[in-house]
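Subject: Handover of a structural model

Dear colleague,

Please find below the sequence and structure that I am handing over to you. My notes on what was found follow directly after.

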Amino acid sequence: MSNKHEVHSSGLLTKLGLFTAILIVISSMIGSGIFKKAAPMSLDLQSGGLILLCWIIAGIVTLIGAATNAEIAGMIAAPGGQYVYFKEMYGKAFAFIYGWSCFSVIQSASIASIAYVFAESVNAVIPLPRLSEGMEQYTLLWIFNPFAGFGVKMLTIVTIIFLTTANYLGVIFGGFISNVFTSLKILGILIIIFLGLTISGGSVENLSPLGESATAQYGSSLGVFGAMFAAMLGAFWAYDGWNNIGYLGGEVKNPKRNIPMALFVGVGTVMAIYLLTNFVYLYVMPVSEMMEIAGRENTIIAVEVLRKFVGNGGAFFISILIMVSTFGTTNGTILASSRIYFAMAKDNLFFKSAGNIHPKFKTPYTSLIMQGIWACLLVLSGTFDQLTDMLIFASFIFYGAGAFGVFILRKKMKDAHRPYKAIGYPVIPLIFVLFCITLVVVTIIQNPRDAGIGLGLVLSGIPFYIFWNRKKIAN
């Protein structure tokens with residue numbers, strides 16, 4: 001009965017079939033990373049072969065994560081996804097810290113960074129205004145540059161406000177429009193792949209060196225190992241979003257079968273698309289050129305690759321495609337994420353008003369406003385790459401905890417029906433957990449600024465939990 005009530009309270013019905021569920025997984029993953037991340041990765045690795053290897057490793061790790069997560073998604077098919085799973089695994093305190101982390105860094109920084117790439121793609125077609133050099137270089141607390149790339153940041157904030165307002169009014173992009181956006185996005189990427197392989201005049205030699213570059217200077221005490229992990233944060237950002245389907249547990253038909261299936265097919269499809277796309281980037285453009293583009297502010301590698309062999313018309317086409325892609329993904333993230341805080345407020349573990357439903361529009365409007373304001377502040381805090389590194393670092397703490405939860409629930413709920421069981425248990429889930437730990441530790445060593453801010457935002461939830469929990473007990 002509670003399931004029925006939750007579906008009713010969010011205004012959504014159990015009507016999403018397997019095909020739509022697969023498209024939701026694909027559209028949640030393909031947002032901005034595939035158009036953008038190859039350039040900063042080239043700075044880290046300075047080798048075509050290592051860039052492709054990064055995409056392969058990140059894809060396999062994501063597939064293992066999805067395969068492990070699918071066991072829990074099949075067993076606990078409830079709205080709220082990972083938040084609900086953690087409540088079952090580790091209790092409400094840990095579930096709260098996860099939900100708080102989604103608000104403070106993971107989902108809010110996702111919204112900020114996807115909208116940021118939307119603004120950058122507009123900037124590639126119509127150059128946006130900038131402030132004076134002195135203002136752009138202004139630093140707050142020796143860490144933040146709020147006015148750098150000011151025009152791009154302002155358009156990012158306007159985009160977040162516009163889409164938050166659309167969701168507030170209930171004028172949300174329905175399943176049909178979401179499917180159209182996803183199909184256009186995939187079609188556009190396939191056009192890049194086709195044109196790149198046929199008329200670009202590229203060369204397989206651009207992919208060399210396949211291994212470590214003899215002239216590479218890694219800005220890391222961990223050498224090529226550290227550089228691989230730094231670059232992998234970029235690839236993982238592109239693969240991120242696969243677990244969003246869990247938030248819709250109450251709205252997918254036959255969820256215990258369809259959610260695991262959607263995870264496998266969706267992640268596998270995205271991995272194939274990403275490898276082909278990055279192969280094309282490298283086929284058209286040598287790593288040295290990519291590194292030069294990465295050094296320029298507010299550039300998008302996909303736009304520059306097309307510009308190289310189709311001219312400004314190609315750059316314009318791809319910029320429009322990225323606008324379509326990132327606009328749709330930002331909207332989906334705003335919609336799905338606001339549900340986590342809504343669910344937490346219902347558990348009396350968040351600002352009480354976040355549980356409000358608009359009397360007329362039937363949307364969690366206060367939750368949407370809070371999320372929108374915080375995402376806008378995060379836009380001012382850093383660049384696209386800083387935002388994504390920070391959120392992937394935080395995400396992997398919880399991805400690791402989620403996979404470890406499979407072991408806990410095998411003991412805690414040993415008699416529960418499992419329509420799907422994690423492949424290669426216990427070895428494969430354990431490999432995923434160890435990988436998550438390694439990625440978190442290496443990021444702290446490699447990238448202390450972003451890891452530190454990310455960790456600070458995660459832990460900032462502790463005093464709030466104590467406060468809300470006491471209040472709950474007092475009531």
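The second largest cavity holds about 40 Å³ of space. A cavity here is a set of points, on a 1 Å grid over the protein atoms alone, where a 1.4 Å probe fits but cannot get out. Grid points are joined across faces, edges and corners, and a volume is the space filled by probe spheres set on the points. Lining residues are those with an atom within 4 Å of a point. For the second largest cavity these are Gly65, Thr68, Asn69, Gln82, Trp242, Tyr399, Gly402, Ala403 and Phe432. Helices α5 and α16 each contribute at least two residues to this lining; helices (H or I, at least four residues) are DSSP runs, numbered from the N terminus. By class, the lining of the second largest cavity comprises four nonpolar, five polar and no charged residues. In this scheme Ala, Val, Leu, Ile, Met, Phe, Trp, Tyr, Cys and Pro count as nonpolar, Asp, Glu, Lys and Arg as charged, and the others, Gly among them, as polar.

Please note that this is a predicted model, in which local features need pLDDT of at least 70 and side-chain atom pairs count only at pLDDT 80 or more, while totals for chains, interfaces and linings use all residues. Residues are numbered from 1 along each chain as its sequence is written, and side-chain values use heavy atoms, with hydrogens and water left out.

The structure holds two cavities of 30 Å³ or more. The largest cavity has a volume of about 230 Å³. Its lining consists of 23 residues, of which Gln107, Ser110, Trp237, Asp240 and Gly241 are the closest to the centre. At least two lining residues of the largest cavity come from each of α2 (18–29), α7, α11, α14 and α16, and α7 gives the most, with six residues. The class counts for the largest cavity are 10 nonpolar, 12 polar and one charged.

There are also pockets, a pocket being an open set of points with protein on both sides within 12 Å along at least five of seven lines. The second largest pocket contains about 730 Å³ of space. It is lined by 42 residues, and those closest to its centre are Pro40, Leu43, Thr383, Asp385 and Gln386. Two or more lining residues of the second largest pocket come from each of α4, α7 (92–125), α11 (223–239), α13 (287–294) and α16. This lining has 18 nonpolar, 14 polar and 10 charged residues.

Asp385, one of the residues closest to the centre of that pocket, also takes part in a salt bridge with Lys37, at 2.7 Å from N to O. The two lie 348 residues apart, with Lys37 in the loop between α3 (33–36) and α4 (38–45) and Asp385 in helix α16 (residues 384–412). A salt bridge is counted when a side-chain nitrogen of Lys or Arg is within 4 Å of a carboxyl oxygen of Asp or Glu. By this rule the count comes to 10 salt bridges. Lys37 is buried, at a relative accessible area of 2%, whereas Asp385 is partly exposed, at 28%. Buried means under 20% relative accessible area, exposed over 50%, and partly exposed in between (1.4 Å probe, protein chains only).

A further salt bridge joins Glu71 and Arg410, whose closest N and O atoms are 2.8 Å apart. Glu71 belongs to helix α5 (residues 48–75) and Arg410 to helix α16, so this pair ties together parts that are 339 residues apart in sequence. Both Glu71 and Arg410 are buried.

Arg296 and Glu292 form a salt bridge at 3.0 Å, N to O. Both are partly exposed: Arg296 has a relative accessible area of 36%, and Glu292 one of 47%. Together with Glu304 and Arg307, they are linked in a network of salt bridges.

Some points on the backbone remain. The peptide bond from Tyr425 to Pro426 is cis, with omega near 5 degrees, and Pro426 sits in the loop between α16 and α17 (427–446). Gln46, although not a glycine, has a positive phi of about 55 degrees; Gln46 lies in the loop between α4 and α5 and is buried, at 14% relative accessibility. Asn348 likewise has a positive phi, near 60 degrees. Asn348 is found in the loop between α14 (301–346) and α15 (365–381) and is partly exposed, with a relative accessible area of 37%.

With kind regards
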